[in-house]
Amino acid sequence: MASTVDKSSEELSRKMDQCLSNTGISAALGLSTGIVASVLFFRRKTWPIAFGTGLGVGIASDDCSRSFNPDVTLAHRLQSLQGFLPKESLESYLPK
């Protein structure tokens, strides 16, 4: 029983480490892209920096969400919206 707990805690720890490193890398890439865009295109405004950083953190958050729950895909999310959206707009995305 102890080995099962150790394996699951090791896997959780590995996934958390991967998520944290991915978040740091994505935030840094978004920050640097925002700084470059701010300097080159937007006359040194601050919103491209915040936008790039937020985009990087959002992408990392989505990757972390997928690593902890890989069964939730776009098709599952669209199936939950079936009552709200017209059926014709969802048919091409839903699994057969």
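Helix H2 runs over residues 47-68, and its length checks out: at 1.5 Å a residue its 22 residues should span 32 Å, and the end C-alpha atoms sit 31 Å apart, which agrees. Keep in mind that this is a predicted model. H2 is also where the confidence is best, with the highest mean pLDDT among the elements of the protein chain, 90.

- Which residues of H2 are buried? They are Pro48, Gly52, Gly56, Ala60 and Cys64.
- These five cover an arc of only 150° around the axis, which puts them on the same side of H2.
- The general rule behind such a pattern is that an α-helix has 3.6 residues a turn, so residues three or four places apart point the same way.

- Cysteine 19 belongs to helix H1 (residues 2-40) and cysteine 64 to helix H2, so the bond ties together parts that are 45 residues apart in sequence.
- Are the two ends buried or exposed? Cysteine 19 has a relative accessibility of 8%, so it counts as buried.
- Cysteine 64, with a relative accessible area of 14%, is buried too, because the cut-off for buried is under 20%.

**The loop between H1 and H2**

- Arginine 43 sits in the loop between H1 and H2, and its phi is near 50°, a positive value in a residue other than glycine.
- Arginine 44 is in the loop between H1 and H2 as well, with a positive phi near 60°, again in a residue other than glycine.
- Why pick these out? Most residues other than glycine have a negative phi.
- As for solvent, arginine 43 is exposed, with a relative accessible area of 75%.
- Arginine 44 comes in at 64% relative accessibility, so it counts as exposed as well, given that exposed means over 50%.

- Across the protein chain the pLDDT averages 81, and 68% of the residues score at least 70.
- Which element has the lowest mean pLDDT? That is helix H4 (residues 87-90), with a value of 61.

Notes: Residues are numbered from 1 along each chain as its sequence is written. This is a predicted model: local features need pLDDT of at least 70, side-chain atom pairs count only at pLDDT 80 or more; totals for chains, interfaces and linings use all residues. Side-chain values use heavy atoms; hydrogens and water are left out. Helices (H or I, at least four residues) and strands (E, at least two) are DSSP runs, numbered from the N terminus. The expected span of a helix is 1.5 Å times one less than its number of residues. Buried means under 20% relative accessible area, exposed over 50%, partly exposed in between (1.4 Å probe, protein chains only). The arc is that of the directions from the helix axis to the C-beta atoms. pLDDT is the predictor's confidence in each residue, from 0 to 100.
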